[in-house]
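Subject: Structure handover

Hello,

The structure is below, with notes on what was found in it. Please read the notes with the structure open.

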Amino acid sequence: MHKHSANAPASASSSASASASASDGTKPSGERGRTALAVGVVEKIAGMAAREVAGIHALGSGLARTFGAMRDRVPGGRSSIGRGIKAEVGEKQTAIDIALVVEYGVVIPELARQVRENIIDAVERMTGLEVVEVNIAVNDVHLPDEPDVEEEMEPVLAPGQRPKLK
(Lines give C-alpha, C1' and ligand atoms only; values in the text may rest on other atoms or scores of the structure.)
Protein backbone atom coordinates (compact mmCIF):
# COMPACT_ATOMS: atom_id res chain seq x y z
CA MET A 1 0.00 0.00 0.00
CA HIS A 2 1.39 3.40 -0.96
CA LYS A 3 1.17 6.17 1.62
CA HIS A 4 1.12 9.84 0.67
CA SER A 5 3.36 12.25 2.50
CA ALA A 6 1.83 14.91 4.73
CA ASN A 7 3.01 17.60 2.31
CA ALA A 8 1.16 16.19 -0.70
CA PRO A 9 -2.35 14.91 0.13
CA ALA A 10 -3.94 12.63 -2.46
CA SER A 11 -6.83 15.01 -3.07
CA ALA A 12 -4.79 18.20 -3.44
CA SER A 13 -4.87 18.29 -7.23
CA SER A 14 -8.55 17.35 -7.48
CA SER A 15 -9.61 19.87 -4.83
CA ALA A 16 -7.51 22.56 -6.48
CA SER A 17 -9.18 21.98 -9.84
CA ALA A 18 -12.62 21.82 -8.20
CA SER A 19 -12.07 25.13 -6.44
CA ALA A 20 -10.69 26.69 -9.62
CA SER A 21 -13.76 25.62 -11.62
CA ALA A 22 -16.06 26.79 -8.84
CA SER A 23 -14.36 30.19 -8.70
CA ASP A 24 -14.77 30.79 -12.45
CA GLY A 25 -18.49 29.90 -12.28
CA THR A 26 -18.46 26.55 -14.09
CA LYS A 27 -19.34 23.23 -12.55
CA PRO A 28 -17.22 20.09 -12.96
CA SER A 29 -18.51 17.98 -15.86
CA GLY A 30 -19.88 15.34 -13.47
CA GLU A 31 -22.26 17.93 -11.97
CA ARG A 32 -23.74 19.31 -15.22
CA GLY A 33 -26.99 17.38 -15.28
CA ARG A 34 -28.54 14.33 -13.69
CA THR A 35 -28.78 10.71 -14.56
CA ALA A 36 -32.11 9.00 -13.92
CA LEU A 37 -32.31 5.22 -13.77
CA ALA A 38 -35.56 3.41 -14.54
CA VAL A 39 -36.73 0.85 -12.01
CA GLY A 40 -36.50 -1.84 -14.72
CA VAL A 41 -32.77 -1.21 -15.12
CA VAL A 42 -32.09 -1.99 -11.46
CA GLU A 43 -34.44 -5.00 -11.59
CA LYS A 44 -32.67 -6.48 -14.62
CA ILE A 45 -29.22 -6.00 -13.10
CA ALA A 46 -30.41 -7.61 -9.85
CA GLY A 47 -32.02 -10.49 -11.78
CA MET A 48 -28.86 -11.24 -13.73
CA ALA A 49 -26.74 -11.04 -10.55
CA ALA A 50 -29.08 -13.41 -8.68
CA ARG A 51 -29.07 -15.95 -11.52
CA GLU A 52 -25.26 -16.15 -11.32
CA VAL A 53 -25.51 -17.85 -7.92
CA ALA A 54 -25.60 -21.66 -8.01
CA GLY A 55 -28.60 -23.22 -6.27
CA ILE A 56 -31.28 -20.89 -7.63
CA HIS A 57 -33.90 -22.73 -9.65
CA ALA A 58 -36.05 -19.74 -10.63
CA LEU A 59 -37.01 -16.21 -9.70
CA GLY A 60 -40.55 -15.20 -8.74
CA SER A 61 -43.50 -16.81 -7.05
CA GLY A 62 -45.35 -19.71 -8.64
CA LEU A 63 -48.05 -17.42 -10.05
CA ALA A 64 -45.54 -14.92 -11.44
CA ARG A 65 -43.56 -17.74 -13.07
CA THR A 66 -46.72 -19.22 -14.62
CA PHE A 67 -47.77 -15.88 -16.14
CA GLY A 68 -44.17 -15.21 -17.17
CA ALA A 69 -43.93 -18.57 -18.90
CA MET A 70 -47.14 -17.83 -20.82
CA ARG A 71 -45.85 -14.37 -21.77
CA ASP A 72 -42.52 -15.86 -22.92
CA ARG A 73 -44.32 -18.24 -25.32
CA VAL A 74 -46.38 -15.56 -27.05
CA PRO A 75 -44.85 -14.75 -30.45
CA GLY A 76 -43.14 -11.38 -30.28
CA GLY A 77 -43.11 -11.50 -26.49
CA ARG A 78 -39.88 -11.20 -24.62
CA SER A 79 -38.70 -12.85 -21.45
CA SER A 80 -38.41 -10.78 -18.32
CA ILE A 81 -35.00 -10.93 -16.66
CA GLY A 82 -36.42 -8.91 -13.78
CA ARG A 83 -39.26 -11.36 -13.03
CA GLY A 84 -39.60 -11.88 -9.28
CA ILE A 85 -37.75 -8.66 -8.44
CA LYS A 86 -39.17 -5.36 -7.23
CA ALA A 87 -36.97 -2.33 -6.78
CA GLU A 88 -37.53 1.12 -5.35
CA VAL A 89 -35.13 3.62 -6.90
CA GLY A 90 -34.31 7.06 -5.56
CA GLU A 91 -31.71 9.57 -6.70
CA LYS A 92 -28.89 8.02 -4.65
CA GLN A 93 -30.26 4.82 -3.11
CA THR A 94 -32.23 1.73 -4.02
CA ALA A 95 -33.96 -1.09 -2.14
CA ILE A 96 -34.62 -4.47 -3.74
CA ASP A 97 -37.06 -7.30 -2.96
CA ILE A 98 -36.51 -10.67 -4.65
CA ALA A 99 -38.55 -13.89 -4.64
CA LEU A 100 -36.67 -17.15 -5.21
CA VAL A 101 -37.25 -20.82 -5.82
CA VAL A 102 -34.20 -22.76 -4.63
CA GLU A 103 -32.92 -26.18 -5.56
CA TYR A 104 -33.43 -28.93 -2.99
CA GLY A 105 -30.33 -29.48 -0.86
CA VAL A 106 -28.88 -25.96 -0.83
CA VAL A 107 -28.21 -24.25 2.48
CA ILE A 108 -30.74 -21.41 2.26
CA PRO A 109 -29.06 -18.90 4.63
CA GLU A 110 -25.76 -19.27 2.73
CA LEU A 111 -27.51 -18.99 -0.63
CA ALA A 112 -29.34 -15.86 0.55
CA ARG A 113 -26.03 -14.31 1.67
CA GLN A 114 -24.43 -15.02 -1.72
CA VAL A 115 -27.44 -13.67 -3.64
CA ARG A 116 -27.52 -10.52 -1.49
CA GLU A 117 -23.77 -9.90 -1.96
CA ASN A 118 -23.95 -10.51 -5.72
CA ILE A 119 -26.89 -8.15 -6.17
CA ILE A 120 -25.35 -5.41 -4.03
CA ASP A 121 -22.00 -5.64 -5.84
CA ALA A 122 -23.55 -5.60 -9.32
CA VAL A 123 -26.11 -2.84 -8.71
CA GLU A 124 -23.70 -0.53 -6.89
CA ARG A 125 -20.94 -1.07 -9.47
CA MET A 126 -23.16 -0.59 -12.52
CA THR A 127 -25.48 2.17 -11.32
CA GLY A 128 -23.58 4.08 -8.64
CA LEU A 129 -26.62 3.79 -6.37
CA GLU A 130 -26.23 2.71 -2.76
CA VAL A 131 -28.19 -0.49 -2.12
CA VAL A 132 -29.73 0.02 1.31
CA GLU A 133 -31.35 -3.42 1.52
CA VAL A 134 -31.98 -6.62 -0.39
CA ASN A 135 -34.96 -8.55 1.01
CA ILE A 136 -35.11 -12.18 -0.07
CA ALA A 137 -38.25 -14.35 0.05
CA VAL A 138 -37.75 -18.05 -0.61
CA ASN A 139 -41.14 -19.11 -1.97
CA ASP A 140 -40.47 -22.72 -2.90
CA VAL A 141 -37.96 -25.55 -3.07
CA HIS A 142 -37.61 -27.31 -6.42
CA LEU A 143 -37.35 -31.08 -5.99
CA PRO A 144 -35.27 -33.08 -8.47
CA ASP A 145 -38.28 -35.07 -9.77
CA GLU A 146 -40.60 -32.04 -10.19
CA PRO A 147 -41.22 -30.65 -13.67
CA ASP A 148 -40.68 -26.94 -14.24
CA VAL A 149 -43.69 -24.66 -14.60
CA GLU A 150 -42.60 -24.01 -18.18
CA GLU A 151 -42.43 -27.76 -18.92
CA GLU A 152 -45.99 -28.31 -17.67
CA MET A 153 -47.52 -25.75 -20.02
CA GLU A 154 -48.61 -26.40 -23.56
CA PRO A 155 -47.09 -24.00 -26.08
CA VAL A 156 -49.21 -21.02 -27.12
CA LEU A 157 -49.67 -21.01 -30.89
CA ALA A 158 -49.94 -18.00 -33.14
CA PRO A 159 -53.08 -17.75 -35.30
CA GLY A 160 -52.75 -20.23 -38.16
CA GLN A 161 -49.74 -22.01 -36.58
CA ARG A 162 -49.92 -25.79 -36.30
CA PRO A 163 -48.73 -27.70 -33.26
CA LYS A 164 -45.49 -29.64 -33.66
CA LEU A 165 -45.77 -33.42 -33.58
CA LYS A 166 -43.85 -35.22 -30.90
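**Notes on the structure**

Arg-113 is partly exposed, at a relative accessible area of 35%; buried here means under 20%, exposed over 50%, and partly exposed in between, with a 1.4 Å probe and protein chains only.

This is a predicted model, in which local features need pLDDT of at least 70 and side-chain atom pairs count only at pLDDT 80 or more, while totals for chains, interfaces and linings use all residues. Residues are numbered from 1 along each chain as its sequence is written, and side-chain values use heavy atoms, with hydrogens and water left out.

**Salt bridges**

Two salt bridges turn up in a search of the whole structure; the term stands for a side-chain nitrogen of Lys or Arg within 4 Å of a carboxyl oxygen of Asp or Glu. One of them links the side chains of Arg-113 and Glu-110, at 2.4 Å from N to O. Both residues belong to helix H4 (residues 108–127), where they are three residues apart, about one turn of the helix. Helices (H or I, at least four residues) and strands (E, at least two) are DSSP runs, numbered from the N terminus. Glu-110 is partly exposed, with 33% relative accessibility.

Arg-113 also forms a salt bridge with Glu-117, at 2.7 Å from N to O. These two are four residues apart in H4, so about one helical turn separates them. Glu-117 is partly exposed as well, at 42% relative accessibility. Through shared partners, the salt bridges join Glu-110, Arg-113 and Glu-117 into one network.

Helix H2 (residues 39–51) has 13 residues and should span 18 Å at 1.5 Å a residue; the C-alpha atoms at its ends are 18 Å apart, which agrees. The expected span is 1.5 Å times one less than the number of residues. Buried residues of H2 are Val-42, Glu-43, Ile-45, Ala-46, Gly-47, Ala-49 and Ala-50. Their cover includes strands S1 (56–59), S2 (85–89) and S3 (93–103), together with H4.

The largest nonpolar core has 24 residues, and those with the most contacts inside it are Ile-96, Ile-98, Leu-100, Val-115, Ile-119 and Val-123. Such a core is a set of buried Ala, Val, Leu, Ile, Met, Phe, Trp, Tyr and Cys residues joined through side-chain atoms within 4.5 Å. At least two of its residues come from each of H2, S1, S2, S3, H4 and strand S4 (130–142). H4 gives the largest share, six residues.

Apart from neighbours within four places in sequence, Ile-119 is in contact (heavy atoms within 4.5 Å) with Ala-46, Ala-49, Ala-50, Ile-96, Ile-98 and Val-134.

**Strands S2 and S3**

S2 and S3 run antiparallel and are joined by five bridges; two strands pair if DSSP finds at least two bridges between them. A hairpin connects S2 to S3 through three residues. Ala-87 stands opposite Ile-96 in S3.

Thr-94 lies in S3. How accessible is Thr-94? Its relative accessibility is 1%, so Thr-94 counts as buried. A polar atom of the Thr-94 side chain lies 2.8 Å from the backbone oxygen of Glu-88. Neighbours within four places in sequence aside, the contacts of Thr-94 include Val-42, Ala-87, Val-123 and Val-132.

Regards

Conventions:
A polar contact is a pair of N or O atoms within 3.5 Å; within protein, one must be able to donate a hydrogen and the other to accept it, and residues adjacent in sequence count only if both atoms are side-chain atoms.
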